Amino acid sequence: MTKPPFSPRTSLSRREATGLISAFVAALTAPGAALAAPAGRFGPATPFSWDRLVARAQANARRPFVERPASKLAVPDFDTHVRYTYGQAEELPGHVRLFPTRVGIAPQAVGISIVENGQAHTLTNMKGLFGGGQDGEAAGFRVMWADGHADWLAFLGGSYFRAAGSHDQFGLSARGISINTGAPGPEEFPEFTDFWFEGKGEDGLIVHALLDGPSLTGAYRIETKRTPDAGIQDVTATLFLRRDIQRLGLAPMTSMYLYGEGDRRTDWRPEVHDSDGLAIVTGTGEHIWHPLINPEQEHQPPITNAMRADHVKGFGLLQRDQTFDHYQDDMSYYHRRPSLWVEPRGDWGPGVVELYSFASISETVDNVCAYWLSDTPAKAGQRRDFAYRLTWSSQEPAHGNNALCTAFRVGPGGVPGQDEIKGVTRYVFDFEGDILAGLTRDSHVEAQTDIPAKAVLLMAVGPIGGQKNIWRVTMDVRHADLPHPEFRLFLKRGGAALSETVIATAKLP
């Protein structure tokens with residue numbers, strides 16, 4: 001996965017990125033209040049509606065793609081960017097603050113409009129909207145809390161946007177669409193070129209956006225509401241394809257995984273990641289958990305994992321581990337990073353959830369991407385309509401009754417303290433849940449796996465002493481006998497599953 005022209009992690013430090021790529025959706029002034037366009041900043045009113053936006057995207061698709069020119073007012077460096085972004089400045093209605101264009105990073109301006117009663121007013125005068133009362137052009141936007149203490153969601157760069165979760169902390173990002181992620185050849189990053197804001201009560205905002213890129217155009221409606229436990233966004237999108245697309249990823253998200261409990265450390269912190277696993281609920285109701293890995297840890301090329309998810313009910317990159325002691329990071333607060341969960345609206349049909357990971361040696365690089373890929377080929381001239389809900393929260397989404405995999409560790413095979421067995425890796429899975437209450441080693445609980453019996457040198461299953469409702473599976477596996485690099489495992493009792501299904505990527509010893 002190559003990086004877009006601007007990414008929050010391309011050129012900034014982790015701390016800088018956390019501040020610079022903030023958040024969006026603010027409390028508006030009163031329940032049911034509409035946004036109002038101040039005189040002198042906005043052009044004349046023009047009719048606006050969802051149907052008009054879709055028609056505009058369709059008309060754009062009939063024309064060849066033309067890259068937008070760089071802004072002549074783009075700031076030259078990071079220091080100026082920070083002053084323009086965080087210095088004292090006026091806000092737009094709805095507590096919107098603007099990100100300035102910047103040379104080499106976010107050079108292209110976006111259109112900003114406010115919608116009132118079906119009429120759009122386009123922002124034409126931005127003087128005073130940047131720090132120090134400076135003039136400039138907008139590369140994106142953020143929306144402040146009403147008291148001004150922070151912002152909680154932002155749009156900046158390509159079709160990227162991110163929101164804070166229930167701990168008021170930022171982590172992974174969503175994207176409008178992904179094109180050819182992990183495919184041979186370059187990945188494409190279409191861009192949101194224009195935004196329209198519409199008020200939606202005290203804790204809500206509707207953002208309409210126009211998408212444009214070499215392979216497609218699109219119209220997006222993103223209705224956002226803040227609750228005490230989550231940020232919730234209902235996304236409606238219509239795409240028009242200019243040309244065939246090998247991989248058209250719906251509801252994509254991108255995150256960072258440097259190392260975790262089962263990996264070698266690169267500094268004093270036990271774990272460093274924005275997300276620790278991909279969760280899926282398939283159309284049949286099966287719950288799947290795929291722990292994340294950093295291919296750099298295994299000196300591997302990029303990895304694409306495709307998991308069958310016909311009529312998918314939900315998927316997302318989660319930060320399941322929320323214990324500070326597991327990270328010991330009091331600057332980046334990884335234990336507070338939100339999870340992002342996708343729930344399709346309607347039946348998306350046959351397809352797969354793909355997980356793409358590439359090697360990284362830096363926590364400032366997003367090296368993980370997940371999205372849903374339809375079995376139906378994406379062909380030039382097609383129209384694609386789809387909708388889904390995004391939930392940004394630290395609560396476990398779509399949690400069923402079965403136990404969750406709360407830890408995944410990897411080490412050398414054999415008895416600890418003695419010579420390790422060459423070519424053998426030990427995998428340790430911890431499962432936790434109320435469904436395990438009262439079960440003992442005499443309860444006939446087993447671990448079901450698709451690994452051939454000849455590859456399994458050790459299989460131990462049992463409760464962890466002194467721990468409430470936690471069972472551990474310990475397994476030594478000879479890699480030469482594995483038929484493929486992924487394997488499945490879950491707890492069962494008789495014919496009933498007791499846990500979600502874990503799909504793990506084998507790590508070479």
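Visitor: In which sense do β18 and strand β32 (residues 501-505) pair?

Guide: This is a predicted model, in which local features need pLDDT of at least 70, side-chain atom pairs count only at pLDDT 80 or more, and totals for chains, interfaces and linings use all residues. Residues are numbered from 1 along each chain as its sequence is written, and side-chain values use heavy atoms, without hydrogens and water. Strands (DSSP runs of E, at least two residues, numbered from the N terminus) pair if DSSP finds at least two bridges between them. β18 and β32 are joined over 2 bridges, and their sense is parallel.

Visitor: Which residue of β32 is the bridge partner of W289?

Guide: β32 spans residues 501-505. Within that strand, the partner of W289 is V502.

Visitor: How many bridges join strand β17 to β18?

Guide: Strand β17 covers residues 277-281 and runs antiparallel to β18. The number of bridges joining β17 to β18 is 5.

Visitor: Which residue in the turn between β17 and β18 has a positive phi?

Guide: β17 and β18 form a hairpin, with 5 residues between them. In that turn, a positive phi of about 95 degrees belongs to G285.

Visitor: How many of the residues of β18 are buried?

Guide: Strand β18 takes in residues 287-291 and is mostly covered. Buried means under 20% relative accessible area (1.4 Å probe, protein chains only). Of the 5 residues in β18, the number buried is 4.

Technical notes:
Buried means under 20% relative accessible area, exposed over 50%, partly exposed in between (1.4 Å probe, protein chains only).
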